Amino acid sequence: MNTVWIVDDDRSIRWVIEKALSRENISYRSFASASEALTALETAPEPPKVLVSDIRMPGESGLGLLQRAKTLYPQLPVIIMTAYSDLESAVSAFQGGAFEYLPKPFDVDQAVALVQRAIAQNAHQQGAQEEATVAPEILGQAPSMQEVFRAIGRLAQSHATVLINGESGTGKELVARALHRHSPRRDAPFIAINTAAIPRDLLESELFGHERGAFTGAATQRRGRFEQADGGTLFLDEIGDMPAELQTRLLRVLSDNHFYRVGGHQPVRANVRVIAATHQHLEDRVRQGLFREDLFHRLNVIRLRLPPMRERREDIPILVRHFLQKSAQDLGVEPKRISEPALKYLQALPFPGNVRQLENLCHWLTVMAPGQTIEVADLPPEMRDRPDREMPVAWVDGLAVEADRLIATSPGEVFDRLTREFERTLIRRALTATGGRRIDAALLLGIGRNTITRKIQELGMEDNRHPPAGEDAPS
C-alpha cells in the first residue's frame, strides 16, 4: 500500500514532497484535489499511513478532507499545509484532529521528519489498538503486580473472603472488581461502598437497610447494600474506619449469613461474598483496641497486598501511555505522546498518591501541555522543582532527575554543571571524613595528591576551612 498521500493543487509542491520522500524510501501517492483524494480514500482497500494536504484548494478544502478522513479513519494522522498562516486556520486544523499544522514555505527536511513522526505514531496506535482488544483490566509488568495477577487467577473459582491492603490510590477497587469478574458470581451484582465516606449514623442503614418507620424520615422500607449484592460481591472499602458497633453486626453476617434491617424483626439471608480493603495496618488497629480481633480474622481469609507506585516504577511508562490515551478519548482530542527523558523523569518521582496521582497527572498533561509531545518542561512546576527531601533514595535516580531537569532548563550546560558538582561533592565528603587532611582524602577517593589539589583550585574550594595541601588539620 502507499505510505503517504499528498494532496495539493500546486504541482511544484507535490513534486518537492515526492522527491524528498523518495530519498527516504517512503512510498507515496499524489492527488491534485481533495475530491480525488476522498474518492480514493473511500474506495481504497486500506488507508494511507499518513495524509498530507493543503488547506486551500479549488473545490473541497483541506479542512473538509480532514473531517471526512477522520470520520472514515479516526487514527489516521493528517498533516495540514497552508500558505495562509492565520490563527483561525490553525485552530480549525487542530480542532478537526490534525496531527500537525505545517506553514508554507516549509523546510523540506523538517516536512519529511514530520511525516516520519506521523508514520511512527500510526504504527504505535495500530499496535495499541491490537493490544486494546486483549488489554488486561489492570496494567502492570512489575514482579509485585504479577504476584497480584497470579493471586486473582488462583481465586477465580473461590467464594473466599478477601482482604486487600494497599496505600491510597493503588487500585484496591479495581482489584476487587477483577476478583468479582473472574468469580462464579460474575453475573450477579458488584456493590461497592466506602465505609469511611458515610456518616456513622447512616452507615448501618446503608449496609443493612431499614424498615418503614424505623427512624424519623424512614417513610418506606429500604434494601441495604447487603441485599442489593445478593448472590454477588460486596466491596467494603476503608474497612479499618468502620465504627465498633457496626463491626459487631458485620461479624454476625460473616458468621451465619443473616442480618436484620434497622427496625426489623425478621432475619434476612445474605448470600454475599465480602471483599474488604484498607490502607491501614489492621493488626495495629486490633492492638490499639480500634478493630475487633475476631472480625479481623474473619476478613483475613485471603490477603492481597497492592504495591505502591515506588515499588513498581517499571510500570510507569505503560501506565502513562494508557492514561494519556484514556484522557484523550474522554476529552475527544488527539492523544499526546511523551518523550523518553520525561518518562525517565517520572520514573524517578515518588508519587505518594500512587496510580491515582499518575492518572490525574496524565489528565492534566492532556489538557495543559502545549505540544503533542510531552517534555520534562511541560510537567507541573511542583514536579519539576521538588525539594531535596523528596528525591529518590537511589542516587542514580536522583542524578537522572537532576539531569532531566537541567536538560529542560539549562541545555548546553548539563555535563559541565553536573560533573563539577559531582567532583565537588566527592572531595567535600572525603575531606569531612579525614578532618580536612587532603592526602588522606585523596587516598580515600583513589586519586593522587596533586589531582585533589588541582581539583580544589579548579572547583573554587580554596575558601573551605581545610588546611593547605599536604598539611594535617590540628588534632
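The model is predicted, so local features need pLDDT of at least 70 and side-chain atom pairs count only at pLDDT 80 or more, while totals for chains, interfaces and linings use all residues. Residues are numbered from 1 along each chain as its sequence is written, and side-chain values use heavy atoms, leaving out hydrogens and water.

Let's start with the sheet. Two strands pair if DSSP finds at least two bridges between them. Five bridges link strand 7 to strand 8, and Ile193 stands opposite Leu236 in strand 8.

Now for the cores. In soluble globular proteins, nonpolar side chains tend to be buried together. A nonpolar core is a set of buried Ala, Val, Leu, Ile, Met, Phe, Trp, Tyr and Cys residues joined through side-chain atoms within 4.5 Å, where buried means under 20% relative accessible area (1.4 Å probe, protein chains only). The largest one here has 29 residues, and Phe226 and Ile239 have the most contacts inside it. Among the elements that each supply at least two of its residues are strand 7 (190–194), strand 8 (233–237) and helix 10 (244–256). Helix 10 gives the most, with five residues.

Which residues does Phe226 touch, not counting those up to four places away in sequence? Among them are Leu207, Leu234, Leu250 and Val274, a contact being heavy atoms within 4.5 Å. A second, separate core of 24 residues includes Met309, Tyr345, Val355 and Ile374.

Notes: Buried means under 20% relative accessible area, exposed over 50%, partly exposed in between (1.4 Å probe, protein chains only). Helices (H or I, at least four residues) and strands (E, at least two) are DSSP runs, numbered from the N terminus.
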